[in-house]
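Here's a quick tour for anyone meeting this protein for the first time. Have a look at the sequence and the model, then read on.

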Amino acid sequence: MLHNDNYHNEVTTRNTTIDFIKGCCIIFMVWGHAAGPFKHWIYLFHIAVFFIASGILWDNPRVSDLHKCKSFIIRKLKSLWLPFVLCNSFFNLIHNFLLKTGIYSDNPDFAKLVKQANNYLQEYRTVPETCKAILKNLFFMGGSQLGGATWFLRTLFQISFTYMVIVYISNKFNIKKILFFISVIICIAGSTIVSVYKLQMPLGIHSFFASFLAFLLGIVLNKAGISGKILKHKYKVFVISFLFLCLLNKTGKINISYGNITNVIFFLVSSTTGWFMLYSIASFQYIKENKILVFIGRHTLSILALHLLAFKIVTLIYILASNGNPLLLAVFPVIKKVPFLWTAYTFCGVTVPLFLWNIIYKQKGRLNKYEIHK
């Protein structure tokens with residue numbers, strides 16, 4: 001599948017526009033989990049845009065033969081499977097410690113204190129139960145409460161592997177258009193069934209169909225060369241797409257992690273409009289080179305994996321400052337009824353993971369220097 005030449009050259013040389021967009025979306029994700037205002041508006045597009053970006057950045061030659069497919073799978077195992085396993089295994093390993101410290105709770109009074117807290121009550125685990133939970137993580141199964149956002153990594157891995165197979169078979173038998181069309185039809189049918197019947201499926205398959213549809217949308221947008229047209233009319237595109245998203249917000253709701261998309265047309269329109277809006281913003285002078293958002297966009301993984309744990313810092317400070325009930329520490333993901341507390345959650349959810357990543361990165365640098373001098 002051909003790419004728009006100008007855009008393809010841009011993205012293959014580390015496109016700061018894409019990094020900026022990813023930075024915005026990861027902040028939106030933390031904002032949404034922090035129960036900030038306009039949550040439903042954000043959910044119309046923020047996760048879909050991540051998958052659209054993956055589709056736009058897709059490069060067919062990377063999987064043109066079996067050797068390249070093998071290398072591609074190894075890269076995806078390192079970048080998607082391994083972080084999923086490490087994150088969830090870590091939280092499963094310290095599960096009992098989290099209970100002892102109050103970050104998790106098995107206290108029946110917690111259910112009385114917090115509405116729907118029964119859904120988040122935890123139990124102490126034996127060693128075999130802990131090992132079983134970690135073993136399940138190795139197969140992209142299970143998960144953990146604090147690592148809940150890593151469903152995205154599993155879904156992106158499923159999409160990457162599936163589309164790799166599609167591209168390889170398409171090239172081998174020269175049936176690109178047919179397989180692409182079949183893929184779209186399957187995604188439309190699957191996402192519709194999941195959304196209508198509220199299905200929850202093993203391995204998070206319920207989130208796969210809509211996510212894959214957004215990924216395929218990115219493939220189409222890249223082939224159509226839409227980016228250049230947005231650049232020519234970026235201010236008009238921003239105003240129209242923003243207002244249109246406000247209108248769509250009154251029409252339906254989207255939550256890709258559960259596979260809830262209202263309907264396929266609504267989902268595709270919302271996703272495309274969200275991409276147009278963010279891409280137009282990223283094209284504004286002095287914005288796309290914003291070093292902070294670009295940096296955040298290049299380090300989304302640490303935020304994805306650790307922001308729910310970082311939220312606990314804000315909750316603890318609030319409890320200590322207000323002399324609140326210690327059981328509130330186990331509230332997941334955040335305390336919602338305190339005005340403007342979401343701002344602290346959002347700030348902490350973005351900055352703390354980046355701070356921890358910076359410490360780990362520097363420590364890794366010291367170890368490498370030590371090995372070289374040794």
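## Inside and outside

Of the 374 residues in the protein chain, 48% count as buried (buried is under 20% relative accessible area, exposed is over 50%, and partly exposed is in between, with a 1.4 Å probe and protein chains only). Keep in mind that this is a predicted model, where local features need pLDDT of at least 70 and side-chain atom pairs count only at pLDDT 80 or more, while totals for chains, interfaces and linings use all residues. Residues are numbered from 1 along each chain as its sequence is written, and side-chain values use heavy atoms, leaving out hydrogens and water.

## Overall build

The protein chain has 17 helices and zero strands; these are DSSP runs, H or I of at least four residues for helices and E of at least two for strands, numbered from the N terminus. Along the principal axes, its C-alpha atoms fill a box of roughly 60 × 55 × 50 Å.

The radius of gyration is 21 Å, which agrees with the value near 21 Å for a compact globule of 374 residues (taken over C-alpha atoms, with a rule of 2.2 Å times the number of residues to the power 0.38). Among contacts with a separation of 6 or more, 78% join residues 24 or more positions apart; contact means heavy atoms within 4.5 Å.

## Cysteines

C131 is partly exposed because its relative accessibility is 47%.

C187, on the other hand, is buried, with a relative accessible area of 2%. Its closest cysteine sulfur is in C69, 19 Å off, so that is too far for a bond.

G142 sits in the loop between α8 (127–138) and α9 (151–173). Beyond its neighbours within four places in sequence, G142 touches F84, K136, N137 and R154. G204 is 62 residues away along the chain, yet the two C-alpha atoms are separated by 9.4 Å.

F181 belongs to helix α10 (residues 176–197). F181 is exposed, because its relative accessible area is 54%. From F181 to V314 it's 133 residues in sequence and 47 Å in space, C-alpha to C-alpha.

Methods: A disulfide is a pair of cysteine sulfur atoms within 2.5 Å.
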